[in-house]
Amino acid sequence: MRLSTVILPDRRWSEGGRETWQRAEELGFHAAYTYDHLSWRTFRDGPWFGAVPTLTAAATVTTRMRLGTLVTSPNFRHPVTLAKELISLDDIADGRITLGIGAGGSGFDATALLKGGEEPWTPRERADRFAEFVPLLDRLLTEEVVSHEGAHYSAFEVRNIPGCVQRPRLPFAVAATGPRGLRLAARHGQAWVTTGDPKLFETGTPEQSRAAIAGQIERLGAACAEIDRDPASLDKILLTGFTPDRPLDSFDAFVDFAGSHAELGFDEIVVHWPIADSFFEADPAVFEKIATDGLAQLTSS
């Protein structure tokens, strides 16, 4: 199992941003991701920076740690322009980029570009766009010349030379729990991402959460079986912070949490970098001990 972190883009680069990404690498995290939002929840009225520029800066001050988004969505992205940015980012990072990608939600990203009187996309419309977005992005990152005319996106003789450093392209980590999204993960993903079952976050128990996640993994396996793909070839990533568990409350809590989810088949656990006076508040000393010793303790127990 690998341990990674999410660093929210809420700090100026000159006021702790650079040091945070460098410290994540020093602590030995496998990867450091960031959210790709225009703004997010309670952070809406505070500092919030763009994901791609932040990751570009992070790539220049780190050398080993993988970097990526958790997650990018079609809410305000177009596959043609996103592909060009990703190819450039993968080049600057020397092949260390993973694209976390999902259908997007109904938050601020979904309304920021609307004209007066327009309604946000329904869940079905988001799923429809996602189903077109992912295959087109796949082509844009692997083929030198791409033309496409679909229901939602167009591309005309788009060139993406020289392509990604990683071949045939940088990996996709597809966030999905519904049937259509799971089929996209099975067909196009190198990894699958879940945050658990949102219905259980406030009122469920850890046991109920694990049972729900086990069901998601079972459905992912069925989606893989439809295309004769071995489910073991798809990494499984758990983004923590949205289940009834509290793995950052103590070192032992994390070890127990990681162990129980390793048994479900997860390859990577992602924890949020602590942010004081926020939803992601945690003891920095406990967090750093988890980063350096958490998985080693799990392996030896």
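**Entry 1: a glycine in a loop**

I began with Gly189, which is buried, with a relative accessible area of 1%. My terms here are buried for under 20% relative accessible area, exposed for over 50% and partly exposed in between, using a 1.4 Å probe and protein chains only. Before going on, I noted that this is a predicted model, where local features need pLDDT of at least 70, side-chain atom pairs count only at pLDDT 80 or more, and totals for chains, interfaces and linings use all residues. Residues are numbered from 1 along each chain as its sequence is written, and side-chain values use heavy atoms, with hydrogens and water left out.

Where does Gly189 sit? I found Gly189 in the loop between α5 (179–188) and β8 (191–194). Helices (H or I, at least four residues) and strands (E, at least two) are DSSP runs, numbered from the N terminus.

Next I asked which residues Gly189 touches, leaving aside neighbours within four places in sequence. They are Phe172, Val174, Leu184, Arg229 and Leu234, with contact meaning heavy atoms within 4.5 Å. Leu234 is 45 residues away along the chain, and its C-alpha atom lies 7.0 Å from that of Gly189.

I then listed the buried residues of α5: Gly181, Leu182, Leu184, Ala185, Ala186 and His188. Their cover includes α4, β7 (172–175), β8 and α6 (206–226).

How do α4 and α5 pack? I read an angle of about 5°, with the axes 10 Å apart; axes are lines fitted to C-alpha atoms, for helices over the stretch in contact, and angles run from 0 to 180 degrees between N-to-C directions. The two helices, α4 and α5, are therefore roughly parallel to each other, a label for angles under 35 degrees. On the α5 side, Arg180, Leu184 and His188 make the contact. The α4 side includes Arg124, Phe130 and Asp138.

**Entry 2: helix α3**

Helix α3 (residues 79–92) has 14 residues and reaches 20 Å from first C-alpha to last, close to the 20 Å expected at 1.5 Å a residue; the expected span is 1.5 Å times one less than the number of residues. Its buried residues fall within an arc of 165° seen down the axis, so they line one face of α3. That arc is taken from the directions from the helix axis to the C-beta atoms. I noted Leu82, Leu86 and Asp90 among the buried ones. The face turned away carries the exposed Thr81 and Asp91. Just after α3, Asp94 takes a positive phi of about 55°.

Methods
Parallel < 35°, antiparallel > 145°, perpendicular 65-115°, else oblique.
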